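Open the model in your viewer and keep the selection panel at hand. The stops below go one by one.

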Amino acid sequence: MSGVGAGAGAGRWRRALLALLVTGSLVVPLSAAARPRIPAPVPAALAPLTRTTLDAAYGANRADAARASDMAAAHGDTHRAAVDRALASPSRHLLSFDGRGSGRVTEVFGDLAHADRTAVLVPGSDTSLDTYDRFRNGALALYQELGRETAAGPRPAVVAWLGYETPGTVSTSVLTTGRAEQAAPNLRELIRDLRAVAGQAPHITLVCHSYGSVVCGRAAAGLDVNDIALIGSPGTGADSVPALHTRARVWAARGTGDWVANVPHVQADLFGTTVGLGTDPMDPAFGARRFTAGSGGHSAYFAPGSPSLTNLARIVLGATNEVHGD
């Protein structure tokens, strides 16, 4: 492409970004105004998380979810009341819970205290307690796939981490690193907690979907994890793997039916804010290890039987020689 053509193309992308920002500035406040804040108790004050306090934390967070369910029901929000009630079930293992507003929850699948392979799922845009089941289903699918791959091998666990306020898919915040910058300290704290529970032995993999890959990118520097897998990523806020300042192996995959491939990878300074999320992680120049995700769309990475789920399980288990490259 000629210099003139490249400049014109960049200009078109900048105008498209500006149009999305203007649209988001109108849509998001209206959407927020249409949904009142949902009352819930202030989260319980818990002892520092360790192997010996883990069960107590699970119990306290389930109790908070039960109280939140009652408050949501009294508020007239039957859907949120049902979500909270399900989380309060004795079978659920909640490392954290906050039912206020859009909500936060961290749920564990497996025996976290004795796991030697742990995956942490970081969600993308439009994920909240109201849509939590969709995110949870992906975490459960990965846990079940790990079980199939390790019938008599490593002990896996999966952590579904809804630990930040995700941006809306159509919003001003989804094209900037702002929400990710706010979320990064919380993700770092979670990894410290996991190490406090299980020690240094577990192999920890971050599985970062969509805008969640921006969160992982902002948290990556010095983070005590072994692998970072970026799926359906619009960018990480960095231009290359070295710019993430991580010792972890960095992987990337995108389904051929994923619309995120059409996201422009340019950055522009608009109204004092840098818009754009850096280099496409699927670009060879970024330096990630690319793996096959199949033909699925943006929400299909955890579909049972899919190449993406199989490869993610192998990355979590450390079977990197069995991961199918892209």
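The expected span of a helix is 1.5 Å times one less than its number of residues. Keep that rule for the first stop. Note also that this is a predicted model.

**Stop 1: helix α5**

Select residues 178-198, which make up helix α5. How far apart are its end C-alpha atoms? They are 31 Å apart. The 21 residues should span 30 Å at 1.5 Å a residue, so the two values agree.

Now centre on Ala184. A kink of about 35° lies there in α5.

Step just past the end of α5 to Gly199. Its phi is positive, about 80°.

**Stop 2: the disulfide**

How many disulfides does the structure hold? It holds 1. Select Cys208 and Cys216 and show their side chains; these two form a disulfide. Their sulfur atoms are 2.1 Å apart. Look along the S-S bond: the angle about it is -95°, and the link of Cys208 and Cys216 is left-handed.

Are these cysteines buried or exposed? Buried means under 20% relative accessible area. Cys208 has 0% relative accessibility, so it counts as buried. Cys216, at 1%, therefore counts as buried too.

**Stop 3: aromatic pairs**

A search of the whole structure finds 3 aromatic pairs. Two of them are visited here.

Start with Tyr132 and Phe135. Their ring centres are 6.2 Å apart and their planes stand at 70°, so the pair is edge-to-face. Both residues lie in helix α4, residues 132-149. They are 3 residues apart, about one turn of the helix. Tyr132 is buried, with a relative accessible area of 0%. Phe135 counts as buried at 11% relative accessibility.

Move on to Trp161 and Tyr164. This aromatic pair is stacked, with 20° between the planes. Centre to centre, the rings of Trp161 and Tyr164 are 5.9 Å apart. Both Trp161 and Tyr164 are buried.

**Stop 4: a charge over a ring**

Finish at Trp251 and show Arg289 with it. What lies over the face of Trp251? Arg289 does, at 5.5 Å from the ring centre.

Terms used. Residues numbered from 1 in each chain as written. Heavy atoms only, no water. Helix = DSSP H or I, 4+ residues; strand = E, 2+ residues; numbered from the N terminus. Bend = angle between axes of the 7 residues up to and from the residue. Disulfide = S-S within 2.5 Å. Buried < 20%, exposed > 50% of the residue type's maximum accessible area, 1.4 Å probe, protein only. Phe/Tyr/Trp six-rings, centres within 6.5 Å; stacked < 30°, edge-to-face > 60°. Lys NZ or Arg CZ within 6 Å of the ring centre and 35° of its normal.
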